[in-house]
Amino acid sequence: MWFTRTDPAPLSARRQARIGDCSVPAPRHQGRHVAARTPRTGIWSRWLSAPAGALAVVTAGSVGFAVWPHPAASTITSASGLIAPRSLGTVDAPTADREPGVAVSRSADRSAAIVPPARSGVETAPVPKATGHRWSTTDLNVWSGAGEDSTLLTVIPAGTRVAITGSEDGDWAQIVRAGLPRWVNAAYLSPDKPTADTTPPTTTQAPSPGSVSYAPCRLGSAVESGLTADAVRVYRAVCAAFPQVTSYGGLRPGDSGEHGTGQALDIMTSDQALGDAIAAWVIDHRSELGVSEVLWSQQIWTVERISEGWRTFTDRGSATANHEDHVHVTVYGDSGTG
């Protein structure tokens, strides 16, 4: 059998590299490893070899970096090719007072970026100037504003000299108390210092001003039905002290006020002098009787505002609604000491 000799197949690139043919380019992965073993000669290695000083400047608004070479750096720069000294720029540090993305320079005026202190929200009202003085004629309530819807702050004793501002709002007068504007009922202020006894005399003195009787009323006990203990005390005491009164009103079922709860008594009279005497006598014995409120002749008196005395209320349209034909007495329930 005859065989025909042929030329050998050309060597592959890998086999040629094994043989040592340096003209064959190295594989891609080998080039990566070779590069990793090659010493890097970058800008940082050249800078670290130079005895140069560096200064980093930090401000509240930005961070800036600048590098200055050592005095001998000119020779090194020319020998090693160092770059000339230059600023490395600024770092953007946005604040609450400027738009993000705007760099701030050290030399820039940052006065506009200063945040003013927050306001406390508490405003101090100017203190009005006193224009004169008055005297309190009774223990006088001092209020925060001109009206019953304001806050009761304190009570000043009768005979106290108070500074007034001349400002008035209806029945209220403005005063200056402890350096602050306050309000009192103008009816109880006098330009003259009051005497020791400032209680105006009543036109008719009540009989038996000292003792209080709780004996059953001669008119019977029908009125006492449904009344609280204090209301019964008032009924019996007034019946004994003022026998000229012959009619009383007590419990009113369905009433939304004190008459519905048995805490009120109506003492029927249209005589102004007699009504004045009854009202005054009941107030004088309020502790024994457990009285909290008296209404008579379009006026009201309450224990809570005792320092203001009698206060006029608005016209309610009729003699009965205005309490001109009866003295109305409200009680606590069962707090009387008698």
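Visitor: What should I know about the model before we start?
Guide: The model is predicted, so local features need pLDDT of at least 70 and side-chain atom pairs count only at pLDDT 80 or more, while totals for chains, interfaces and linings use all residues. Residues are numbered from 1 along each chain as its sequence is written, and side-chain values use heavy atoms, with hydrogens and water left out.

Visitor: In what order do the strands of the open sheet run?
Guide: The order is 11-12-16-13-14-15, six strands with antiparallel pairing. Strands (E, at least two residues) and helices (H or I, at least four) are DSSP runs numbered from the N terminus, and two strands pair if DSSP finds at least two bridges between them.

Visitor: Which strands stand at the edges?
Guide: Strand 11 (248-249) and strand 15 (311-312) do. Each has a single partner strand, so one side of each is left without a neighbour in the sheet.

Visitor: How many bridges join strand 12 to strand 16?
Guide: Five bridges join them, and the two strands run antiparallel. Within this pairing, Leu-265 has Val-329 in strand 16 as its bridge partner. On the pairing with strand 11, strand 12 has two bridges, also in the antiparallel sense, and there Tyr-248 is partnered by Ile-267 of strand 12.

Visitor: And strand 13 with strand 14?
Guide: Strand 13 (residues 291-296) and strand 14 (residues 299-302) are antiparallel and joined by four bridges. The bridge partner of Trp-296 is Gln-299 in strand 14.

Visitor: Is strand 12 enclosed or open?
Guide: Strand 12 is largely enclosed by the rest of the structure, because four of its five residues are buried. Buried means under 20% relative accessible area, exposed means over 50%, and partly exposed lies in between (1.4 Å probe, protein chains only).

Visitor: Which strands does helix 7 lie across?
Guide: Helix 7 (residues 272-284) lies across strand 12 (264-268), strand 13, strand 14 and strand 16 (326-331). Helix 7 runs at about 170 degrees to strand 13; axes are lines fitted to C-alpha atoms, for helices over the stretch in contact, and angles run from 0 to 180 degrees between N-to-C directions.

Visitor: What does Arg-236 pair with?
Guide: Arg-236 forms a salt bridge with Glu-224, with the closest N and O atoms 2.8 Å apart. Arg-236 lies in helix 5 (residues 229-241) and Glu-224 in the loop between strand 10 (189-190) and helix 5, so the pair ties together parts that are 12 residues apart in sequence. Arg-236 is partly exposed at 23%, whereas Glu-224 is buried at 14%.

Visitor: And which residue does Arg-233 meet?
Guide: Arg-233 forms a salt bridge with Asp-334, the closest N and O atoms being 3.2 Å apart. This pair links helix 5 to the segment after strand 16, 101 residues apart. Arg-233 is buried at 15% relative accessibility, while Asp-334 is exposed at 57%.

Notes. Contact = heavy atoms within 4.5 Å. Salt bridge = Lys/Arg side-chain N within 4 Å of Asp/Glu carboxyl O.
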